[in-house]
Amino acid sequence: NLPARVRIHEVGPRDGLQNEKTVVPTGVKAEFIHRLAAAGLRTVEATSFVHPRWVPQLADAEDLFPRLAGLTDTALPVLVPNEKGLERALALGARRIAVFGSATETFAKRNLNRTVDESLAMFAPVVSRARAEGVHVRGYLSMCFGDPWEGPVPVDQAVEAARRLYGLGCDELSLGDTIGTGTPGQVRALLTGVTGAGVPLSALGVHFHDTYGQALANTLAALECGVTTVDASAGGLGGCPYARSATGNLATEDLVWMLDGLGIETGVDLGGLIATSVWLAGRLGRPSPSRTVRALSHK
Ligand code: HMG
Ligand code: MG
């Protein structure tokens, strides 16, 4: 009972690049996003309107976003933590935003300088104003299975956090395994809990980091549960600067290889995507960690 089609939510330009120490030129970021769109990705998370001191790599959001104006067939969501971020995004004409909450108190503090309650209070006016302006809202929930400071996260804690975040009025909820410790049984348990708490499957996405090599197995478990939106990062770039031990996201190429093999449609041209990751790896000065990129670029 696998879906016929999966929507890939590409996060390379945001989750991927936010962790790069050396600032990537805005022109390279813009070309990266254009190439991803040309490879058939229809949702490409472009950047973040966060405090520039917190994520210096994405401090060029005002310069980058207008360079993407020609991409009319591609949704370009951006991260927005608060009303100030929303103002900045709306001023540039963003039509999709994402707020980002946490299932744990420690990560909420480290990532947003807020408790879980305070962060939900910070998001509430952002979500309602965005919705009133017809802007699509995604809610990210981090640390759904494990937290580097607090250890394993009980499923009920993640379910309750998901229910509250979705309850603000998000159109979509992405369940994040920020440090990649989750395994397929935990994915099934979380999805059962979250749908049982009233979040429809059609509004759910999964966001796996591949730190422990579990991302594809976890993705397959989620697809078997009926999820049809999967986050991935071209070339397996990524991490989170505020989460110790968070490494790369599930590589989009590895995901597309599996979905192609299963006969599940994505609309993505694997060759074009690999060429993009090889090109970006050249700019970053090190090879992509994606197994599929490595296998196919050495032919
Ligand atoms: P704070 O220091 O508490 O901010 O940071 P504040 O509200 O006290 O404001 C302090 C100053 O910052 C003020 O300026 C504000 O105007 C300014 P002042 O009056 O002092 O001159 N300010 C801003 N400036 C520009 N843009 C803004 C903004 N907001 C306030 N949006 C804050 C709170 C939320 C801003 C900060 O903690 C922050 O920016 N955090 C972002 C962290 C981040 O981006 N993390 C990575 C993304 S999350 C992730 O990767 C996980 C995910 O992939 C899923 C998964 O894997 O789990 C999504
Ligand atoms: Mg992430």
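Helix H2 (residues 26-38) and helix H11 (residues 270-284) pack with their axes 9 Å apart, at an angle of about 165°. Here axes are lines fitted to C-alpha atoms, for helices over the stretch in contact, and angles run from 0 to 180 degrees between N-to-C directions. That makes H2 roughly antiparallel to H11 (the label for angles over 145 degrees). On the H2 side, Val28, Phe32, Arg35, Leu36 and Ala38 meet Gly272, Thr276, Leu280 and Arg283 of H11, contact being C-beta atoms, placed from the backbone, within 7 Å. The residues of this contact split into 5 nonpolar, 2 polar and 2 charged, where Ala, Val, Leu, Ile, Met, Phe, Trp, Tyr, Cys and Pro count as nonpolar, Asp, Glu, Lys and Arg as charged, and the others, Gly among them, as polar.

The model is predicted: local features need pLDDT of at least 70 and side-chain atom pairs pLDDT 80 or more, while totals for chains, interfaces and linings use all residues. Residues are numbered from 1 along each chain as its sequence is written, with chains lettered from A and ligands numbered from 1 in the order in which they are written. Helices (H or I, at least four residues) and strands (E, at least two) are DSSP runs, numbered from the N terminus.

As for the sheet, 9 strands form an open one in the order E2-E1-E11-E10-E9-E6-E5-E4-E3, with parallel pairing (at least two DSSP bridges between two strands). Strands E2 (43-44) and E3 (47-48) stand at the edges with a single partner strand each, so one side of each lacks a neighbour in the sheet. Strands E10 (residues 204-208) and E11 (residues 229-232) are joined by 3 bridges, and His207 sits opposite Asp231 in E11.

Terms used:
Parallel < 35°, antiparallel > 145°, perpendicular 65-115°, else oblique. Contact = placed C-beta atoms within 7 Å.
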